[in-house]
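This report covers a two-chain complex with a ligand. It takes up the interface, the ligand site and the confidence of the prediction in turn.

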Amino acid sequence: MIRAENLSKVYRMGKIEVPALRDVNLEIEKDEFLAIVGSSGSGKSTLLNMLGCLDKPTSGAVFIDDVNTASLSENELAEIRREKIGFIFQQFNLIHSLNALENVSLPMFFAGVGRDERMKRAAELLAKVGLEKRMHHKPSELSGGQQQRVAIARALSNNPEIIIGDEPTGNVDSETGNAIMDILKGLNSEGRTVIVVTHDAEIAAHAHRVKRMKDGRLLEQ
Amino acid sequence: MKDVLLLAYRDIKERKARTSLTLLGIAVGIAAVIALMSVGYGFEKSVTGELVEMADLIMILPGKASLGGDYVELGSFNERDLKDIERISGVKEAVAMASSMEEVEYRGEKTVVDIIGIEPREISAVFGDIVKTEEGRGLRENDHKTCQIGHSIAKDYFDEEIEVNDRIKIGGSKFRVVGILEKQGGFKSGIDSEIFVTSGDAKGILGNDDVSQITVRVRNIEEAEEIADKIEERIDENHKLDDFTNAMTMGSAIEQLKTVFALLRAVLIAIASISLIVASIGIMNTMLMSVMERTHEVGIMKAIGAKNRNVLSLFLMESGMVSMVGGVLGCVLGVIGANVVSFVIGAAFGEGISAIVRAEVLLGGIAVAVLVGVLSGLYPARKASKMSPVEAVRYE
Ligand SMILES: Nc1ncnc2c1ncn2[C@@H]1O[C@H](COP(=O)(O)OP(=O)(O)O)[C@@H](O)[C@H]1O
Ligand SMILES: [Mg+2]
């Protein structure tokens, strides 16, 4: 499903070079639930950004369904992000001027789905994450856990095969965190590939496979 | 489309104060253009409108005439010129006028006035509809030592106003005032200060039968230019001179005036456009700030699959919407402004001019506003659309 080959990323800050990823090789099967753990600054987010086609590696390549993403145009990458990948952020990253329903329907809007269908599907997805009573609330009127559920519903809106979460439980209490992990497990059992970054060992225990990162390298567990 | 609009609308709403200032900038620019154009059209109409009713006239003067009335006099016409002109096909009437400055005396008070000699039969044929008599009657064929006087002559020239049937002395001989003309003003204000006598009496005053001006009324306005050319040719031939005469159609005078007004409007629009340029800088500034403030949002949109053009259209829609509302507001302000300006001009100069607001000017104003808005939004919108998703999401 996703394959990273010799992935390296070097950030340049003026004259200083920060190597954030060093020669990472990783293959993730379809239906897999992978957790990546590691201390802060070890390069987890950097890796997820590459896997999620948000950023380009300095060297090496990411293959999604055996397509080398380095060969794709900006538009084609946007289409992959829109159709194949659902990204969940630690900070939720909802658009604050839109209500829950509108936030969830936004990826469908970019995909050109008609309004009625969009609204119907967005309502279904919000019901699925238990927010049927909060559809017209703005993000500021929702708790952290509720916001993260909206973000999960949004990630699902174009029915992607891959769900990527960058510390999705990092900003919520542990009870809510467990609830979110249950939702992600459910998505995995629907046949979606789930990749989650966390530094919480308890959370990582939900996964099929756990990989540890250290100083930009992926260690065998 | 509707949803992009909605999204853009939400963002505009969040930045009310700044957006309304930008909007006002555009509105003032558009209002200035619309007001100036409408006043210009109104002014043009009030000036050319007077001339339009005289469009079937040709003024024939010796020498090079110009609209201002300054001309180099080369000589005068004679009886034969008039006969020849009358024979040209398409000429309905031709009236010859003799004119001379003469001393006029009324109740012991003396002044110098332009005396016009004219055939009474012809005067009504040519000027009948245009110059009306206010009091008394017009000149008649067999009148002797009678005159019709301009409005100002009757009311302003002498300490005491002249009444119908009063006697005045022209060039030393006594004349009876049979009629007073209506006040003309505008382009025909010359008539207000003239005294009209029959051609026969004019001969007596002037001592000759020279004709200083011939006015022709044509049957068909379309033929006026052609007839004017023929008249010039014929009279130049009679006098064996190349440029002896100048026959000017009122139609061409109107055309000349229209050109002047078009030029005037262009200048006014150019001036008003400066405010539009300022407004467009305002929009660009607002949009740049809006793009910067929404960097994080743009990052989110791109992360969840927005293409560059999705982001571009969102920002263009926003600037387009602001400027469209600005344009509509500008139309309202412009119409109000036009009426205020024409009212003030009217009050200051005593001549009532009503602004003419044309639908195409209003629609054009809105179109220009949207165009300015979209063009000035283009650079900020492109900037937003080109952002890298990770960098933009990280931006707080
Ligand atoms: N945009 C960036 N510019 C410069 N350095 C960065 C940038 N993003 C991350 N880094 C650096 O790269 C390293 C890995 O960061 P990150 O992938 O965010 O780690 P993690 O998510 O595991 O905490 C860190 O040292 C971080 O400071
Ligand atoms: Mg991180």
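## Salt bridges and polar contacts

A salt bridge is counted when a side-chain nitrogen of Lys or Arg lies within 4 Å of a carboxyl oxygen of Asp or Glu. By this rule, two salt bridges cross the interface of chain B and chain A in this predicted model. One of the salt bridges found joins B:Lys307 to A:Glu79, with 2.4 Å between the closest N and O atoms.

Four residue pairs, both members at pLDDT 80 or more, are in polar contact across the interface of chain B and chain A. A polar contact is a pair of N or O atoms within 3.5 Å; within protein, one must be able to donate a hydrogen and the other to accept it, and residues adjacent in sequence count only if both atoms are side-chain atoms.

## Composition of the interface

On the side of chain B that touches chain A, at least two residues each come from helix 1 (2-14), helix 10 (295-303), helix 11 (308-349) and helix 13 (389-394) of chain B. Helices are DSSP runs (H or I, at least four residues) numbered from the N terminus. Helix 1 of chain B gives the largest share of that side, eight residues. By class, the side has 11 nonpolar, four polar and eight charged residues, with Gly counted as polar.

The contact (heavy atoms within 4.5 Å) involves 23 residues of chain B and 24 residues of chain A. About 2,300 Å² is buried between the two chains, 58% of it from carbon and sulfur atoms; buried area is the accessible area (1.4 Å probe) lost on putting two parts together, summed over both.

## Ligand site

Ligand 1 is surrounded by residues of chains A and B, so the site is shared between chains. Residues around it (a heavy atom within 4 Å) include A:Tyr11, A:Lys44 and B:Arg394.

An oxygen atom of ligand 1 is 2.5 Å from a side-chain N or O atom of A:Thr46. A polar side-chain atom of B:Arg394 is 3.1 Å from a nitrogen atom of ligand 1.

## Confidence

Chain B has a mean pLDDT (per-residue confidence, from 0 to 100) of 83, with 91% of its residues at 70 or more. Where pLDDT is low, predicted coordinates should not be read in detail. The predictor gives the complex an ipTM of 0.94 and a pTM of 0.71.

Residues are numbered from 1 along each chain as its sequence is written, chains are lettered from A and ligands numbered from 1 in the order in which they are written. Local features need pLDDT of at least 70 and side-chain atom pairs count only at 80 or more, while totals for chains, interfaces and linings use all residues; side-chain values use heavy atoms, without hydrogens and water.

Methods. pLDDT = per-residue confidence, 0-100.
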